[in-house]
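Got your viewer open and a hand on the selection tool? Let's take a walk through this one together, stop by stop.

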Amino acid sequence: MKDILQEIAEELDHLKSLDEAIALAIELEEEGMQYYSEKASVMRNETASKLYIFLADEEKKHAGYLQQYRESKNVPEVEFHYPKFEASFTEEFSDEKLEEIGILLAALRFEHKSEYFYTELAKRAEDEEQRVFFEKVAAAERGHYMIIDELLDAATEFRMQT
């Protein structure tokens, strides 16, 4: 079984141009936006629901940055503000809570893969400006990862205390 990160690097190696890579990145961001929007609507945990709404908005923003770059070849300013989500996993896990944690774990993997994808694009950049752009998007994805990880930490910390 191949490591997913290795698969991402190999897929990027097979693309013919940076434009193809950007088109793939836009597609991934749009898939992420759809996934997070769907999960936000089914989550019973208010903190997790707010997180997914935030992440859907972030993915939409990233797709916009990439589309702007693809159309104008001007590197947009990438903004990321680290929000504070108050973890609210204060009850013993029920089957629903375990499902919510499973969804958070899937989101964690998605953000990790996204960060790696943009880091690899930065390595393949054609100029310094592109490299910095992709590094900033990778850093925003890393921020998403850290937010999800904090919620998972709060959930498992409570579990370890009971």
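We start with the cores and then move on to the salt bridges.

Before you click, know that this is a predicted model, where local features need pLDDT of at least 70 and side-chain atom pairs count only at pLDDT 80 or more, while totals for chains, interfaces and linings use all residues. Residues are numbered from 1 along each chain as its sequence is written, and side-chain values use heavy atoms, with hydrogens and water left out.

**Stop 1: the cores**

Select Tyr-36, Leu-51, Tyr-52, Leu-55, Leu-104, Ile-148 and Leu-152. Of the 21 residues in the largest nonpolar core, these touch the most other members. A nonpolar core here is a set of buried Ala, Val, Leu, Ile, Met, Phe, Trp, Tyr and Cys residues joined through side-chain atoms within 4.5 Å. Buried means under 20% relative accessible area, exposed means over 50%, and partly exposed is in between (1.4 Å probe, protein chains only).

Helices are DSSP runs (H or I, at least four residues), numbered from the N terminus.

Next, pick Ile-8, Ile-26, Leu-66 and Phe-133. They are among the 20 residues of another core, which lies apart from the largest one.

**Stop 2: the salt bridges**

Side chains of opposite charge can pair when their charged atoms come close. A salt bridge is counted when a side-chain nitrogen of Lys or Arg is within 4 Å of a carboxyl oxygen of Asp or Glu. How many salt bridges does that rule give? The count is eight.

Show Lys-61 and Glu-58 first. Their closest N and O atoms are 2.8 Å apart, and both residues sit in helix 3, three residues apart, about one turn of the helix. Is Glu-58 buried or exposed? Glu-58 is buried, at 5% relative accessible area, whereas Lys-61 counts as partly exposed at 30%.

Hop over to Arg-131 and Glu-135 in helix 5, four residues apart, again about one turn. Their salt bridge spans 2.5 Å, N to O.

Then select Glu-77 and Lys-136, a salt bridge with its closest N and O atoms 3.4 Å apart. This pair links distant parts of the chain, 59 residues apart: Glu-77 is in the loop between helix 3 and helix 4, and Lys-136 is in helix 5. Glu-77 is exposed at 53%, and Lys-136 is partly exposed at 35%.

**Last stop**

Finish with Glu-120, Lys-123 and Arg-124, which are linked in a network of salt bridges.

Note on methods:
Helices (H or I, at least four residues) and strands (E, at least two) are DSSP runs, numbered from the N terminus.
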